[in-house]
Each structure stands twice: as C-alpha cells, then as structure tokens.
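Please look over the sequence and the model first.

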Amino acid sequence: MRKTSAWPLSQLCVALIVYASLYPFDQWRDQGIAPWAFLGAPWPKYWTWFDVSSNVLGYAPLGFFLTLSAMRMGWREAVVLPVTLATALLSLTMEGLQSYLPARVPSQVDLLTNMAGGWIGAVLANGLEHWGLLHRWGQFRSRWFVRDTHMALVLIAMWPVALLFPVAVPLGLGQVWERVEDALTSAFDATPFADWIPLRAFELEPLLPGAELLCVMLGLLIPCLLGFGVIRHTWQRVVYALSVVAVGLAVSALSAALTYGPVNAWRWLTLPVALGWSLGFLLALVFAALSARTCAAFLLLALVVQQSVLNQSPESAYFAQVLHTWELGRFIRFHGLVQWFGWLWPYAVLLWALARVSSERQGEI
C-alpha cells in the first residue's frame with residue numbers, strides 16, 4: 001500500500017462523525033427501547049434542508065477517502081458498494097447509540113441521508129479515478145511536494161476547519177490554558193492534589209494591540225511554514241502562501257458571519273489584525289526562499305511564541321454568547337467539534353515539526 005493521506009483522513013472522518021453524532025456525551029440512559037427501534041418508527045414530521053445537507057456532507061468525505069484508500073491498496077473494481085455499506089453500518093451504529101442520549105433523536109432520515117452522503121463520496125472518488133483526475137493529482141503532488149508528506153497535508157487540510165469556531169484573536173488557535181486551569185481546579189477540588197495545581201495569582205488581561213498583531217502575524221505564518229516544510233520550489237511556496245491568506249480571510253469571515261450575522265462578517269478586521277496579516281505574509285515570502293529544515297525550525301519557534309503570548313489573555317468577552325448561539329442553534333453538532341480542532345491543531349503541528357526536525361537531524365548523522 002502506497003503511503004497516502006487518504007487513509008488518515010478517512011480515520012479522522014470516522015472520529016469526527018462519532019464525535020458529532022454522540023455529542024454532548026452525557027446523561028446516558030436506557031430508555032427501555034431497542035437501539036434499532038427507530039427503524040420502525042413513523043417517518044419524522046419535521047425536518048429541515050440544513051439537517052439533510054449536513055448529514056449528506058458529513059458522510060460524503062468519509063465515502064470519498066475510504067474509496068480512495070481502497071484504490072490505493074489496489075482495489076479498483078466494485079469498490080462503491082462495499083464503501084457505501086461501511087458508511088451505512090457506521091451510521092446505523094451512531095443512530096442506535098443516540099437512543100441512549102436524551103439530547104439526540106435517531107431517525108431513518110438521518111440514516112438514509114448519511115448513506116446517501118457515503119455513496120456520493122464513493123461515486124465521486126471512483127469517477128475521478130476513472131477519469132484520470134486522481135492520477136493528475138498524484139502527478140501534481142509529486143511535482144509540488146517532497147516524499148512522506150501525508151500527515152502535513154492532513155494538518156493543512158484541517159486548518160480551515162479549526163478556524164471556523166470563533167476565537168479571541170483572529171488566527172489565534174490553541175488558546176486552552178484558561179479552560180485547562182478551570183478543568184483541573186474542578187477535577188481536583190477537595191482532593192490532596194488541589195494544592196499541586198499551578199493557579200494564576202493574577203487576572204488575565206486582554207492583549208495589547210502590539211501583542212494582538214504578533215499573534216495574528218504568527219497565526220498566518222505558522223500554516224505557511226508548515227507547507228514550506230514539504231513544498232519543493234520557491235515559486236510554489238509563494239502560490240501556497242497566497243492561498244493561505246485567501247483561505248484564512250474567507251474562513252474567518254465565514255466564522256464571524258455564522259456567529260454574529262452577515263453584517264458583522266468583517267468587523268474583526270481591525271488595524272492590528274490587518275497589519276499582522278500583512279506582516280505575516282511578508283515574512284512568509286522571506287521564508288519561502290529558505291530550506292525546509294530552516295522552515296521547520298522556525299515553525300517550532302513561531303508556535304512556542306504564539307502560544308506563550310496567546311494563552312496570557314482571556315477568552316473572548318462574547319464567548320458565552322458564542323456558546324449559546326452554537327449550542328442551542330443549528331450548530332449543536334459542530335460547535336464542540338471545530339472547537340477541539342481550534343484547541344489542538346497548533347499542538348499537532350508542534351509534534352509534527354518536532355518529528356520532522358528530529359528525523360532530518362538523524363538523516364544527517
């Protein structure tokens with residue numbers, strides 16, 4: 001089996017589906033009905049196109065990446081039906097488990113639309129393979145990227161998803177210390193370990209404009225350096241940096257529009273943020289001409305500095321409103337999911353960069 005980013009992406013899709021299907025993971029109880037009883041229940045009277053489209057779109061990537069993974073293993077014929085059945089089995093399991101969660105309601109509509117999503121993704125991957133487009137992607141990947149880049153590509157693909165959940169500072173992913181401190185305090189309260197928790201002796205203060213500028217600048221530079229570590233040529237890195245700028249702006253605006261309304265889609269673009277964005281892009285152009293090892297080393301430095309500065313500030317003053325909007329609205333299935341992406345993405349990149357620098361040093365020895 002060739003190394004491919006499709007397999008880890010398919011496993012990530014499974015993890016995301018499980019999380020989104022079983023959130024909020026509390027108040028489990030046996031309601032005295034079989035987990036498959038929903039299959040014989042009356043057809044739901046109320047449904048929305050948002051629910052239908054989200055169910056289809058939630059399973060389509062899984063069908064796509066599972067099909068692509070099977071093709072990479074040499075399974076070229078009759079792959080659509082097994083993949084569709086696999087996605088249907090996963091959906092059936094998730095819907096059955098939802099019968100034990102009072103906050104979730106299993107439905108035949110969800111099962112059918114999930115199956116449809118898996119089928120659409122499988123058909124799309126199969127069609128792209130037969131049309132030769134996936135072969136062209138393989139050629140493009142060999143021209144643009146060095147070998148063994150599948151994990152870096154997965155991290156790059158996850159960056160826009162991580163940006164969806166609102167943050168205190170634009171591009172300020174990984175702001176977790178305040179929540180970790182609260183969780184540790186609650187977990188070890190009234191225990192002998194309560195005195196071991198390193199509590200703060202001061203209140204967190206909002207970032208000054210200069211610190212905000214620094215966090216935004218590094219927040220844009222980090223995904224650029226991540227890509228520079230696996231992209232071959234300078235001109236390709238410049239094109240990639242331009243793509244990072246465009247995607248970052250678009251997803252940040254989308255996040256603000258989903259949370260605060262379309263009118264406020266660009267209100268976050270203040271002067272420090274705009275300057276940080278511009279300086280981050282200019283620095284990316286400088287690093288585009290440097291070696292992959294140098295980019296990986298500076299990626300480590302950028303991550304450490306940004307997290308150090310970012311976690312000295314509190315979460316957004318509107319965080320409670322954000323949670324209310326996402327938890328009680330139509331985003332209930334996604335708010336916790338993308339929030340975890342926003343928390344963990346920088347630390348996953350940190351681990352990748354450490355492994356990359358370490359392997360390159362061992363190669364030199």
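## Terms and basis

A crossing of two helices is left-handed if the near helix is turned anticlockwise from the far one by less than a right angle, and right-handed if clockwise. Helices (H or I, at least four residues) and strands (E, at least two) are DSSP runs, numbered from the N terminus.

The model is predicted: local features need pLDDT of at least 70, side-chain atom pairs count only at pLDDT 80 or more, and totals for chains, interfaces and linings use all residues. Residues are numbered from 1 along each chain as its sequence is written, and side-chain values use heavy atoms, with hydrogens and water left out.

## The chain as a whole

The chain has 13 helices and zero strands. Of its 365 residues, 46% are buried (buried means under 20% relative accessible area, exposed over 50%, partly exposed in between, with a 1.4 Å probe and protein chains only). Among the contacts (heavy atoms within 4.5 Å) with a separation of 6 or more, 83% are between residues 24 or more positions apart.

Two packed helices are described by the angle between their axes and the distance between the axes. Axes are lines fitted to C-alpha atoms, for helices over the stretch in contact, and angles run from 0 to 180 degrees between N-to-C directions.

Helix H3 (residues 80-98) and helix H4 (residues 108-130) have axes that come within 8 Å and cross at roughly 150 degrees. H3 and H4 are therefore roughly antiparallel to each other (angles under 35 degrees count as roughly parallel, over 145 as roughly antiparallel, 65 to 115 as roughly perpendicular and the rest as oblique). Their crossing is right-handed. Residues making the contact include Val83, Thr87 and Leu92 of H3 and Leu111, Met115 and Trp119 of H4. The contact of H3 with H4 has nine nonpolar, six polar and two charged residues (Ala, Val, Leu, Ile, Met, Phe, Trp, Tyr, Cys and Pro count as nonpolar, Asp, Glu, Lys and Arg as charged, and the others, Gly among them, as polar).

## Helix H8 and its partners

The axes of helix H6 (residues 150-162) and helix H8 (residues 209-228) come within 9 Å and cross at roughly 150 degrees. H6 passes H8 in a left-handed crossing. Ala152, Leu155, Ile156 and Trp159 of H6 meet Gly219, Pro223, Leu226 and Gly227 of H8. These residues divide into six nonpolar, two polar and no charged.

H8 also packs with helix H11 (residues 292-310), at an angle of about 150 degrees and with the axes 9 Å apart. H8 and H11 are therefore roughly antiparallel to each other, and H8 passes H11 in a left-handed crossing. Among the residues in contact are Leu218, Ile222 and Leu226 of H8 and Phe298, Leu299 and Ala302 of H11. By class, the contact of H8 with H11 has 17 nonpolar, two polar and no charged residues.

## The nonpolar core

The largest nonpolar core has 76 residues, and those with the most contacts inside it are Leu226, Phe228, Trp277, Leu299, Trp345 and Trp352. H8 gives the most to this core, with eleven residues. Such a core is a set of buried Ala, Val, Leu, Ile, Met, Phe, Trp, Tyr and Cys residues joined through side-chain atoms within 4.5 Å. Leaving aside residues up to four places away in sequence, Leu299 touches Ile222, Leu225, Leu226, Val349, Trp352 and Ala353.

## Two leucines

Leucine 171 lies in the loop between H6 and helix H7 (177-187). Leucine 171 is buried, with a relative accessible area of 4%, and has a positive phi of about 65 degrees although it is not a glycine.

Leucine 258 is in helix H9 (residues 234-260) and is partly exposed, with a relative accessible area of 31%. The C-alpha atoms of leucine 258 and leucine 164 are separated by 8.9 Å, with the two residues 94 residues apart along the chain.
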